[in-house]
Amino acid sequence: MTNSATRKMQAEIQLLRSAKRGDFDRVRRAMRDCKTLNCRDQNGYTALHWAAAEGHRDILRVLLNSGRVNVNAKTKSGATALHWAAGQGSAEAVKQLLAQKASPKIQDEQGETALFWGCTNAHPPIVSLLLAAKSNPSHPDRDGCSAIDVAQANKGQSQKHSKVLKMLV
């Protein structure tokens with residue numbers, strides 16, 4: 001392996017690790033040295049996935065503003081950064097991703113959309129954002145279960161679950 005290839009690989013590893021840890025300064029340095037910001041770890045996660053999954057909104061913002069990320073990149077399990085932001089309940093991250101044309105219609109390998117993840121985890125603000133983005137609450141996953149079905153099944157768990165159900169029907 002050449003020195004250039006080694007440096008590139010080290011920069012990509014640094015980008016992924018720093019995005020996961022929330023180290024903004026190291027992400028910025030790694031971004032300068034990476035040819036692509038869509039490098040992946042062994043599970044198919046990009047820096048954008050890690051920033052969304054771990055709630056590092058400043059890193060998410062700088063990655064999105066770079067114009068060098070695939071906002072709809074999927075992990076090996078088919079999840080996008082929007083799935084992770086929705087599942088974590090990060091309304092700001094969901095807004096940022098939707099503004100950059102993240103698709104709320106993409107399904108993971110189970111057939112679940114970001115709306116499904118937001119409903120499962122009872123995040124009313126996320127459900128509201130995704131419904132406004134034309135996400136379909138009746139779309140079934142691979143088991144035939146929709147976001148409405150999940151909300152119905154979980155309505156007794158908390159007030160947030162009940163609120164999500166009311167938003168969907």
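This is a predicted model: local features need pLDDT of at least 70, side-chain atom pairs count only at pLDDT 80 or more; totals for chains, interfaces and linings use all residues.
## Burial and overall make-up

A residue is called buried when its relative accessible area is under 20%, exposed when over 50%, and partly exposed in between, using a 1.4 Å probe and protein chains only. Residues are numbered from 1 along each chain as its sequence is written, and side-chain values use heavy atoms, with hydrogens and water left out.

The protein has ten helices and zero strands. Here helices (H or I, at least four residues) and strands (E, at least two) are DSSP runs, numbered from the N terminus.

## Size, surface and charge

With 169 residues, a compact globule would have a radius of gyration near 15 Å, and the 17 Å of this protein agrees with that. The radius is taken over C-alpha atoms, and the globule rule is 2.2 Å times the number of residues to the power 0.38. Along the principal axes, the C-alpha atoms fill a box of roughly 55 × 30 × 25 Å.

The accessible surface comes to about 8800 Å², and 46% of it belongs to carbon and sulfur atoms. These areas come from the Shrake-Rupley method with a 1.4 Å probe; for residues, only the protein chains shown count as cover. As for charge, the mean positions of the 25 positive and 14 negative charges are 6 Å apart. Lys and Arg count as positive and Asp and Glu as negative, while His and the chain ends are not counted. Each charge is placed at NZ of Lys, CZ of Arg, CG of Asp or CD of Glu.

Contact means heavy atoms within 4.5 Å. Of the contacts with a separation of 6 or more, 65% are accounted for by residues 24 or more positions apart. A nonpolar core is a set of buried Ala, Val, Leu, Ile, Met, Phe, Trp, Tyr and Cys residues joined through side-chain atoms within 4.5 Å. The largest one has 43 residues, and L15, L48, L60, L63, L97, L130 and L168 touch the most other members. Leaving aside neighbours within four places in sequence, L97 is in contact with residues including L48, L60, L64 and V71.

Helix α4 (residues 57–66) holds the buried residues I59, L60, V62, L63 and L64. An α-helix has 3.6 residues a turn, so residues three or four places apart point the same way. The cover over the buried residues of α4 includes α1 (3–21), α2 (24–33), α3 (47–54) and α6 (91–99). Just after α4, G67 takes a positive phi of about 70 degrees.

## Residues worth a look

H56 sits in the loop between α3 and α4. Its relative accessible area is 16%, so H56 is buried. Not counting residues up to four places away in sequence, H56 touches A19, K20, R21, G22, W50 and A51.

T120 lies in helix α7 (residues 114–120) and, at 34% relative accessibility, counts as partly exposed. Beyond its neighbours within four places in sequence, T120 is in contact with V150, N154 and H161.

K101, in the loop between α6 and α7, has a positive phi near 75 degrees and counts as exposed at 66% relative accessibility. K134, found in the loop between α8 (124–132) and α9 (147–154), has a positive phi of about 75 degrees although it is not a glycine, and K134 counts as exposed at 64% relative accessibility.
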